[in-house]
Amino acid sequence: MSTEYAYDEEGHLWPFFVFTLTLIITVPLTFMVVNRSRDPAAAFKRIQTSYRHDHADLVNSLRSKDKRKNRKIWLILMAVGGWAVLGWMVYLIQTTEAPTAKIWSPYDILGIAESATEKQIKSKYKKLSLKFHPDKVKPDPAKNETLDDLNARWVEISKAYQALTDEDVRNNYIQYGNPDGKQGFSINIGLPKVIVSDGNGKYVVLLYSALLGVLLPYLVGSWWYGTLRRSKEGVLMESANRLFREYKDNIDEGGVITAVSTGKEFEELFKGDKADAGLAKIESRLFAEGELSPFAAGLSVKAKEKLEDLENGPRRKALALLWAYLGRIELDDPALEKAKFEVAPIAEALNKSFTAISLAYMNTAPLLASYYTSQLLIQALPPKASPLLQLPYFTPKIVKAIEGDSRVHTTVQSFMDRPDAKRRSLAVGKGLLTNEQYQEAVSVAQQLPYLRVAKAFFKVTGEKYIIPTSLVNLVVKGRFVPPGSEGVPPVNELDLEDIDPPEDDLDAILGRKAKKQVGKDEKGKPILASGESEPIFPPLAAAPYLARDHSPRWHVFLTDSKQGRVAVPPFTFTQFDQPIFEADGKTPTFAMQTLKAQFQAPPQAGHYTFVMHVVCDSYVGFDTKMEVTLIVDEASKAEEISTEEEPSEPEEDSIAGIMNAAKGGAPPQPKKRKEKVEEEEEEEDSDEESGTDESEDDTSDTNTDTEVEDN
């Protein structure tokens with residue numbers, strides 16, 4: 001028996017091989033392309049508004065360009081090519097006729113029926129001998145026959161006859177399907193023969209060398225060095241190094257804006273002549289007199305000096321354009337206007353890297369400055385600008401009419417808390433807002449997600465007291481109350497409680513899943529929904545000037561006001577457990593939200609007072625700052641209280657004992673009668689006086705809790 005290896009010369013098997021290999025590559029590639037092409041912001045709700053500023057079309061085009069940038073053209077082409085190859089292979093599989101395995105049959109060779117008798121078999125064989133014996137037949141040139149063909153045909157006829165007449169040959173046929181006995185088998189390799197044909201080996205080796213020696217290392221190297229080139233915040237490592245050198249403990253928002261202008265990304269944006277083109281025009285607009293500030297862009301004298309001290313180049317132009325963006329300065333030049341809106345998303349990404357650097361130092365001021373800078377970049381506001389400029393159609397002139405000569409800016413909340421008539425008298429009029437513009441501004445304000453904190457406290461899950469080094473949860477309870485909301489219901493005290501999950505729900509205790517509470521049972525324990533609750537995302541930030549879609553984030557952290565240090569690093573929240581708005585997207589639900597941040601308690605017992613910050617990165621003036629006190633008790637005190645609170649068994653004759661028995665509880669062990677106890681004490685005394693060791697050897701009667709009272 002031998003094994004024969006044959007390549008797929010008829011083209012029947014290799015399409016299956018190519019189809020499988022291409023499918024393994026094309027399906028995940030298509031998944032990547034679909035994910036990149038899908039707009040992640042499409043799943044988020046938006047603030048409903050019809051407001052469009054003069055450059056809305058430009059901002060929208062830049063947003064679309066950014067989304068297209070994530071779609072790699074070569075990935076799309078490879079996916080399309082993969083599906084084309086798959087289609088071609090399916091066509092070949094369907095149209096190529098598969099070779100059928102021919103079963104050797106002596107009856108078919110002799111041309112007789114399987115029910116033929118031995119006489120009929122011999123007769124048929126004689127007739128075929130006269131017709132096909134090599135000595136009696138000659139090759140037919142018309143049929144392209146050769147002598148070898150005639151001999152082979154006669155051998156088959158002879159084997160067929162012997163398989164039906166000779167006992168040994170017949171046994172081979174019955175057992176192995178062939179008169180010659182057990183045969184070898186062939187394996188067809190699903191590759192075209194051209195790949196392994198003589199003379200093509202060098203090309204195959206060259207192809208494998210190119211794939212494994214050049215392309216694969218290039219792809220792996222590109223991926224690896226690409227990850228090393230950027231930080232986890234997505235900025236270039238060179239930019240992160242520059243931001244690190246710009247860090248200062250007393251830096252403010254203006255300083256952060258100056259720091260992010262050092263980003264290497266701006267050098268790639270303003271190459272060659274672009275670095276100086278239009279710079280003089282931008283600075284002349286920046287340094288013009290402003291309505292609410294010394295300069296039109298809202299930059300301070302210190303910021304102006306820093307800008308002028310820079311040499312001409314990409315950084316100076318980037319910083320000038322950043323101030324023009326924050327001050328909403330009209331540049332009256334299409335190229336400059338486009339560049340003005342392009343620098344803001346880059347600066348926002350660089351600011352995230354600066355936030356990470358600030359966290360490494362754990363100083364409060366730089367961290368808050370980076371968070372406030374994020375608000376300014378998203379809302380296109382200069383430092384110390386009025387929060388009212390976040391509303392549509394509001395300009396410095398309108399803000400001045402509302403705030404007057406007050407040195408303290410009016411927040412959106414305080415403005416919306418005023419009666420409608422008072423608001424109208426200040427904002428609507430000649431040279432101010434029209435009724436339609438005022439209604440639009442009010443409508444947007446009433447959709448902004450302002451998180452109003454109702455309560456903040458500390459707790460340890462399943463415990464009443466906090467002991468040193470225990471895992472503490474900072475629980476923040478609050479409701480989203482948009483500015484100007486009417487009919488806000490009072491806070492339900494029960495909503496301010498944080499009920500521990502059931503003891504058997506280990507996943508909930510460890511935070512691996514979050515189930516929605518749908519009610520409470522008669523014992524006050526929470527009733528959780530059967531399925532996992534879907535996360536609730538806030539609407540995308542109302543940022544008409546930012547050329548990116550941005551989902552708001554809330555940062556919760558604790559600081560030590562005396563030392564100016566961050567005590568507990570920020571916990572970032574992007575989703576919530578309760579709906580923020582009704583189905584219409586405008587009516588607030590006022591549902592109580594729960595934010596939890598877990599950290600380790602201090603190692604020493606005592607009272608620790610922190611300042612809790614709840615900072616929203618997308619809106620100016622929507623932050624919360626309040627003092628919270630963490631009380632850490634001694635571990636011994638918690639153990640004493642736990643021992644005292646252990647429930648005692650009810651007595652049999654007491655009402656509690658009777659009720660316990662009525663509920664099916666085990667009956668309490670009865671107390672011994674006083675007389676019997678006294679008798680036992682006398683017996684023990686007599687034993688001690690006799691000097692025997694029996695009491696030490698026999699302890700069967702010492703467990704009095706198991707004795708049964710005599711009747």
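Helix axes are lines fitted to C-alpha atoms over the stretch in contact, and angles between N-to-C directions run from 0 to 180 degrees. The legends below describe a predicted model.

**Figure 1. Overview of the chain.** The predicted chain has 711 residues, of which 37% are buried. Its secondary structure consists of 25 helices and 11 strands. Among contacts with a separation of 6 or more, 67% are between residues 24 or more positions apart.

**Figure 2. Close-up of the crossing of helices α10 and α14.** Two packed helices are described by the angle between their axes and the distance between the axes. Helix α10 covers residues 253-260 and helix α14 covers residues 314-326; their axes come within 9 Å and cross at roughly 135°. Angles over 145 degrees would count as roughly antiparallel and those from 65 to 115 as roughly perpendicular; α10 and α14 are therefore oblique to each other. The crossing of these two helices, α10 and α14, is right-handed. On the side of α10, the contact is formed by Gly-254, Ile-257, Thr-258 and Val-260, and on the side of α14 by Arg-315, Leu-319, Leu-322, Trp-323 and Leu-326. Sorted by class, the residues in the contact of α10 with α14 are six nonpolar, two polar and one charged.

**Figure 3. Close-up of the open sheet of three strands.** The strands of this sheet are arranged in the order β3-β4-β9, and their pairing is antiparallel. Strands β3 (451-459) and β9 (592-600) stand at the edges with a single partner strand each, so one side of each has no neighbour in the sheet. On average, neighbouring strands of this sheet are turned by 20° against each other, direction ignored.

**Figure 4. Close-up of strand β4 and its two partners.** Strand β4 comprises residues 471-480 and is joined to β9 by nine bridges, the two strands running antiparallel. Within this pairing, Leu-471 has Gln-600 of β9 as its bridge partner, while Arg-479 stands opposite Met-592 of β9. The pairing of β3 with β4 is likewise antiparallel and extends over eight bridges. Here Leu-451 is found opposite Phe-480 of β4. Nine of the 10 residues of β4 are buried, so this strand is largely enclosed by the rest of the structure.

**Figure 5. Close-up of the open sheet of four strands.** The order of the strands is β8-β7-β10-β11, with antiparallel pairing. At the edges stand β8 (565-573) and β11 (624-632); each has a single partner strand, so one side of each is left without a neighbour in the sheet. Neighbouring strands of this sheet are turned by 25° against each other on average, direction ignored.

**Figure 6. Close-up of strand β10, its partner β11 and helix α16.** Strand β10 spans residues 606-616, and nine bridges join it to β11 in an antiparallel pairing. Gly-606 has Val-632 of β11 as its bridge partner. Helix α16 (residues 364-379) packs on the sheet and touches β7 (554-560), β8 and β10. The direction of α16 makes about 20° with that of β10.

Terms used
Residues are numbered from 1 along each chain as its sequence is written. This is a predicted model: local features need pLDDT of at least 70, side-chain atom pairs count only at pLDDT 80 or more; totals for chains, interfaces and linings use all residues. Side-chain values use heavy atoms; hydrogens and water are left out. Two strands pair if DSSP finds at least two bridges between them. Angles under 35 degrees count as roughly parallel, over 145 as roughly antiparallel, 65 to 115 as roughly perpendicular and the rest as oblique. A crossing is left-handed if the near helix is turned anticlockwise from the far one by less than a right angle, and right-handed if clockwise. Contact means heavy atoms within 4.5 Å. Ala, Val, Leu, Ile, Met, Phe, Trp, Tyr, Cys and Pro count as nonpolar, Asp, Glu, Lys and Arg as charged, and the others, Gly among them, as polar. Buried means under 20% relative accessible area, exposed over 50%, partly exposed in between (1.4 Å probe, protein chains only).
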